Amino acid sequence: MNPVIIAVIGGAVLILIIVLSWWISTGNNFKRAQIKINESQSGIEVALTKRFDKLTKMLEVTKAYAKHEKETLSMVISMRRGMTIGQLNETNAQLDALGARINAVAESYPELRSAETFRELQAGIRDAEEHLQAARRLYNSNVTAFNTAIAMFPSSIIANSMGLHSAEFFTAEEHKKADVKMVF
């Protein structure tokens, strides 16, 4: 056999192997990118669930705390209504003694418990929102990488042969863009 023909066939086989390797590698990169998109989409769902669960539980705790404090204050006010002066004086003395004990506790623990609960609620909201924003950014970053690879030549040839289309970026639904209303 002619050495030139052998060299041409060898060169063609080498080029075919290189193109085939590139084709397979690029196809696998698209599959990897799709998996990353699916994983980051799951991250958004996890963050949404975390936010819902955390906010729901924290809101209930905070509502219960606020209700307790409101009921206590209402009870004190209602106790004072319809009392004779003597009863008011006696109740006032009891409340003064209670107030002194509360002041002693407040001096030892200057932060009121309900204020702490509200701060925890605010911190929980902030944490949940930051986690969700990070998950959304990761998803959109993965979509950008995938969409760029689909659009760029020569990988676009493989993307078209695989029937791949651009992935959608995360955009919040209109009702989810609204701030969560905290009603007590």
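1. Let's start with Phe52, which is found in helix α1. Helices here are DSSP runs of H or I with at least four residues, and strands are runs of E with at least two, numbered from the N terminus. Phe52 counts as exposed because its relative accessible area is 58%. The cut-offs are under 20% for buried and over 50% for exposed, with partly exposed in between, using a 1.4 Å probe and protein chains only. Phe52 and Ile125 sit 73 residues apart in sequence, and their C-alpha atoms are 9.7 Å apart in space.

2. A word on what you're looking at. This is a predicted model, so local features need pLDDT of at least 70 and side-chain atom pairs count only at pLDDT 80 or more, while totals for chains, interfaces and linings use all residues. Residues are numbered from 1 along each chain as its sequence is written, and side-chain values use heavy atoms, with hydrogens and water left out.

3. On confidence: pLDDT is the predictor's confidence in each residue, from 0 to 100. The chain has a mean pLDDT of 76, with 63% of its residues at 70 or more. Where pLDDT is low, the predicted coordinates should not be read in detail.

4. Of the 184 residues in the chain, 19% are buried.

5. Now the surface. Ile15, Val19, Leu20, Trp22, Trp23, Ile24, Phe153 and Ile157 make up a nonpolar patch with about 800 Å² of accessible area together. Patch members need over 30% relative accessible area and no salt bridge; like charges are joined within 9 Å, and nonpolar side chains (Val, Leu, Ile, Met, Phe, Trp, Tyr) within 5 Å. A salt bridge means a side-chain nitrogen of Lys or Arg within 4 Å of a carboxyl oxygen of Asp or Glu. The areas come from the Shrake-Rupley method with a 1.4 Å probe, and for residues only the protein chains shown count as cover. Helix α1 (residues 3–80) gives the patch its largest share, six residues. Val19, found in helix α1, is partly exposed because its relative accessible area is 43%.

6. There are two aromatic pairs in the structure. Trp22 and Trp23 form an edge-to-face pair, because their ring centres are 6.4 Å apart and their planes stand at 75 degrees. For reference, rings of Phe, Tyr and Trp (its six-membered ring) pair if their centres lie within 6.5 Å; planes under 30 degrees apart are stacked, over 60 edge-to-face, and the rest tilted. Both residues are also in the patch described above: Trp22 is partly exposed at 33% relative accessible area, and Trp23 is partly exposed at 34%.

7. Phe30 and Phe146 are also edge-to-face, at 6.1 Å centre to centre and 85 degrees between the planes. This pair links distant parts of the chain, with Phe30 in helix α1 and Phe146 in helix α3 (residues 113–151), 116 residues apart. Phe30 and Phe146 are buried.

8. Another α3 residue to look at is Ser141. Ser141 is partly exposed, with a relative accessible area of 41%. The C-alpha atoms of Ser141 and Ile37 are separated by 8.8 Å, although the residues are 104 apart along the chain.

9. Finally, have a look at the stretch between α3 and α4. Pro154 is found in that loop, and the peptide bond from Phe153 to Pro154 is cis, with omega near 10 degrees. In general, most peptide bonds are trans. Ser155 is in helix α4 and is buried because its relative accessible area is 14%. A polar atom of the Ser155 side chain lies 2.5 Å from the backbone oxygen of Ala149.

Terms used
Polar contact = N/O pair within 3.5 Å; in protein donor to acceptor, adjacent residues only side chain to side chain.
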